[in-house]
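Subject: Structure handover

Hello,

Here is the structure for you to look at. My notes on it follow below.

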Amino acid sequence: MPGIILIGTQWGDEGKGKVTDLLANDMDMVVRYQGGDNAGHTVIDGNQEFRFHLIPSGILYSHITCVIGNGVVVNPKVLIGELDGLEARGISTDKFLVSCNAHLVMPYHLVLDGARELKLGKSEIGTTRKGIGPAYSDKTSRIGLRVQDMLDMKIFRKKLEAALNEKNEILTKIYGFKPFDADKIVADYGGYAERLEKYIADTSLVINKALDEGKNVFFEGAQGTLLDIDHGTYPFVTSSSPVSGGACVGAGVGPRRIDKVVGVVKAYVTRVGSGPFPTELDNETGDMIREKGGEYGTTTGRPRRCGWFDAVILRYANMVSGLTEIAVTKLDVLSQFEKIKICVGYEYEGKMYDNFPSHQTVIHKCIPVYEEVDGWMESLNDITNYDDLPKAAQKYLARIEKLGGVPIKMISVGPKRRQIIFRD
Ligand code: GDP
Ligand code: IMO
Ligand code: MG
């Protein structure tokens, strides 16, 4: 069973880090294939909490090779900070690799990200301001700099100067910012290159060789289905492809290598930043979920918007990513409610929608259609067997399974490693 993809089925922060860490034990390699340090994946090992932004969530296991694939945009300063932080905590980074073809997040990307958001004013996307959109734009416009450019500072400078010709015009004339100095960037990135050189590799080749040898390779998605640049709630999305298809492109493997696609499903839904969110609870119930679930951004600290579970979204994620199974996380957070709502469809202008609407107006204005089920009002934190779950919790899960059309194989009932229920 060599190739497994894990994706977020909602708007990110579903608990991908925890599920990756749990499944990674049986893996030989964990690969990030898209996104950048806009991601924030939390893993709790004993009493230690780790927050990964770029490094794959398998790094805590010494037997695992952790790879940043070509589809990721890499801020080298952030990466070095993360590597240093891990080493300071006694975690080995010897088996870490970064693709020579991954694009670099440059200092002007960060400034442009913030400047664009300011210009958008009320229509802002609410980005993480990590330069992700501008870095992917440059990649697609073919004026990006790649990790391999850092291995030859002459090439790096040439490409940088070409990019700065345009960027400095935009920064000074459109946004009224100061221009960037090529010498300073060359000096900084030259320093990063020295630190990172030993990790730079042709990762597509490395991953394919591992698969050829029958090794288990895990592709860890960042963000979530509805933040996908093609399939998400555009323009309130990120600039990469978090859906399962993104793993093949972003790691350089063929689709026939993939045996399983695991969807991570939070037992309710959250969203950070702007954009439509049909089941959002902008009220006390939403606040109760946020407080019990600790729903504050791992990357930016912003309070996450919270809402009831949405089966339309799960069906959609299943459709665009071909899920073979799901992991339901944070079920324990719902223990505080006597009644729980499940969104089974949307209604807009008298029409019912079972499938995710393709038209943005419908997504923005639809009203969720709910089913109400009984809550369980008891702690789940120490339960490790499915049969020991309260009957009402089992019913809630059965409904999610039925509505989503995908089997639930894991249920997470707390942030710690041991707080997990596996199901055959
Ligand atoms: P990711 O971006 O999908 O990896 O998710 P985040 O790490 O950003 O957010 C998930 C948060 O929920 C983290 O703080 C996790 O420690 C925590 N978490 C994960 N699973 C559970 C769970 O089952 N119950 C509770 N209460 N917290 C969880
Ligand atoms: P993980 O991997 C939740 C959101 C931002 C914003 C939009 C665009 O932890 O699930 P960007 O900086 O990517 O241009 O911002 O996407 N966003 C996330 N929301 N979890 C994430 O990652 C996110 N990464 C980006 O809040 O709405
Ligand atoms: Mg997160």
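To start with one residue: apart from residues up to four places away in sequence, Asp 354 touches Val 312, Arg 315 and Val 344. Between the C-alpha atoms of Asp 354 and Val 344 the separation is 7.2 Å, and the two are 10 residues apart along the chain. Asp 354 sits in the loop that joins β17 (351-353) to α11 (360-365). Its relative accessibility is 46%, so Asp 354 counts as partly exposed. Please keep in mind throughout that this is a predicted model.

Domains

The protein chain splits into domain 1 (3-91 + 203-422) and domain 2 (103-198). Their contact involves 29 residues from domain 1 and 20 residues from domain 2.

Cavity

The structure has one cavity of 30 Å³ or more. The space in the largest cavity comes to about 30 Å³. Which residues line the largest cavity? They are Val 74, Pro 76, Leu 79, Val 98, Leu 104, Val 147, Met 150, Leu 196 and Ile 200. Sorted by class, this lining is made of nine nonpolar residues, with no polar and no charged ones.

Second largest pocket

The second largest pocket has a volume of about 250 Å³. Its lining consists of 15 residues, and those nearest the pocket centre are Lys 77, Pro 107, Asp 188, Tyr 189 and Tyr 192. Two or more lining residues come from each of α2 (76-88), α3 (107-120) and α6 (182-196). Helix α6 provides the largest share, with five residues. By class, the lining of this pocket has 10 nonpolar, one polar and four charged residues. Both domains take part here as well: domain 1 and domain 2 each give at least three residues to the lining of the second largest pocket.

Magnesium site

Which residues coordinate the magnesium ion (ligand 3)? The donors come from Asp 13 (OD) and Gly 40 (O), at 2.0 to 2.2 Å. Asp 13 belongs to the loop between β1 (3-8) and α1 (16-24), and Gly 40 to the loop between β2 (29-32) and β3 (41-45), so the pair ties together parts that lie 27 residues apart in sequence. Are these two residues buried or exposed? Asp 13 and Gly 40 are both buried.

A buried lysine

Lys 167 is part of helix α5 (residues 153-174). Why does Lys 167 count as buried? Its relative accessibility is 4%, and the cut-off for buried is under 20%. Beyond its neighbours within four places in sequence, Lys 167 is in contact with Tyr 108, Leu 112, Asp 138 and Ile 143.

Backbone

As background, most residues other than glycine have a negative phi, and most peptide bonds are trans.

- Pro 235 is in the loop between β10 (217-220) and α8 (245-251).
- Gln 223 is located in the loop between β10 and α8. With a relative accessible area of 7%, Gln 223 is buried.
- Arg 129 is in the loop between α3 and α4 (132-141). At a relative accessible area of 37%, Arg 129 is partly exposed.

Regards

Notes:
Residues are numbered from 1 along each chain as its sequence is written. Chains are lettered from A and ligands numbered from 1 in the order in which they are written. This is a predicted model: local features need pLDDT of at least 70, side-chain atom pairs count only at pLDDT 80 or more; totals for chains, interfaces and linings use all residues. Side-chain values use heavy atoms; hydrogens and water are left out. Donors are N, O and S atoms within 2.8 Å of the metal (3.2 Å for Na, K and Ca); water is not among the atoms, so sites may look incomplete. Helices (H or I, at least four residues) and strands (E, at least two) are DSSP runs, numbered from the N terminus. Buried means under 20% relative accessible area, exposed over 50%, partly exposed in between (1.4 Å probe, protein chains only). On a 1 Å grid over the protein atoms alone, a cavity is a set of points where a 1.4 Å probe fits but cannot get out, and a pocket is an open set with protein on both sides within 12 Å along at least five of seven lines; lining residues have an atom within 4 Å of a point. Grid points are joined across faces, edges and corners, and a volume is the space filled by probe spheres set on the points. Ala, Val, Leu, Ile, Met, Phe, Trp, Tyr, Cys and Pro count as nonpolar, Asp, Glu, Lys and Arg as charged, and the others, Gly among them, as polar. Domain bounds come from an automatic or database domain assignment. Contact means heavy atoms within 4.5 Å.
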